[in-house]
Amino acid sequence: TLSVTVKVTRADPSRPVVCIVRARAIDGGETGRREVLVPPSSQDTVNITTSVKSTRRPVVGDVYGCGTDVPPYLVAS
């Protein structure tokens, strides 16, 4: 498991976004991924920390991408 902190900056912080966060192995291969809901905020930039389960030893975490098309199954916890 890898802990990843993502800094997200939005033009409209009142809109939620979803980010796909990945764990990667030493060879660069993706070993895990997770969708993370970034809820609405009063701030343009927020930090989100999440855990990503990995099938092999992770050495780095990264963001595959973020978007405003939030799936209905993602809810704030």
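This briefing covers the salt bridges, the strands and the ring contacts of one structure.

The model is predicted: local features need pLDDT of at least 70, side-chain atom pairs count only at pLDDT 80 or more, and totals for chains, interfaces and linings use all residues. Residues are numbered from 1 along each chain as its sequence is written, and side-chain values use heavy atoms, with hydrogens and water left out. The structure holds five salt bridges. An open sheet of three strands has the order 3-2-5.

**Terms for the strands and the surface**

- Strands (E, at least two residues) and helices (H or I, at least four residues) are DSSP runs, numbered from the N terminus.
- Two strands pair if DSSP finds at least two bridges between them.
- Buried means under 20% relative accessible area, exposed means over 50%, and partly exposed lies in between (1.4 Å probe, protein chains only).

**The sheet**

- Pairing in the three-stranded sheet is antiparallel.
- Strand 3 and strand 5 are the edge strands, and each pairs on one side only.
- From one strand to the next, the twist averages 25°. Axes here are lines fitted to C-alpha atoms, for helices over the stretch in contact, and angles run from 0 to 180 degrees between N-to-C directions.
- Strand 2 is largely enclosed by the rest of the structure, because six of its eight residues are buried.

**Strand 2 and its partners**

- Strand 2 and strand 3 run antiparallel and are joined by eight bridges.
- Val 17 has Val 38 in strand 3 as its bridge partner.
- Ala 23 stands opposite Gly 32, which is in strand 3.
- The hairpin of strand 2 and strand 3 has five residues between the strands, and Gly 28 takes a positive phi near 90° there.
- Strand 2 and strand 5 also run antiparallel, with seven bridges joining them.
- Arg 24 has Val 60 in strand 5 as its bridge partner.

- Side chains of opposite charge can pair when their charged atoms come close.
- A salt bridge here is a side-chain nitrogen of Lys or Arg within 4 Å of a carboxyl oxygen of Asp or Glu.
- Asp 62 and Arg 22 form one of them, at 3.0 Å from N to O. Asp 62 is in strand 5 (residues 60-67) and Arg 22 in strand 2 (residues 17-24), so this pair links distant parts of the chain, 40 residues apart.
- Both Asp 62 and Arg 22 are buried.
- Asp 62 also forms a salt bridge with Arg 24, with the closest N and O atoms 2.8 Å apart. Asp 62 lies in strand 5 and Arg 24 in strand 2, so the pair ties together parts 38 residues apart in sequence.
- Arg 24 counts as partly exposed because its relative accessibility is 24%.
- A network of salt bridges links Arg 22, Arg 24, Glu 30, Arg 33 and Asp 62.

**A salt bridge between loops**

- Asp 27 and Arg 56 form a salt bridge, and their closest N and O atoms are 3.4 Å apart.
- Asp 27 lies in the loop between strand 2 and strand 3 (30-38), and Arg 56 in the loop between strand 4 (45-52) and strand 5, so the pair ties together parts 29 residues apart in sequence.
- Asp 27 counts as exposed, at 54% relative accessibility.
- Arg 56 counts as partly exposed, at 44%.

**Rings**

- The charged end of Arg 33 sits over the ring of Tyr 64, 4.9 Å from its centre. This requires NZ of Lys or CZ of Arg within 6 Å of the ring centre and within 35 degrees of the ring normal.
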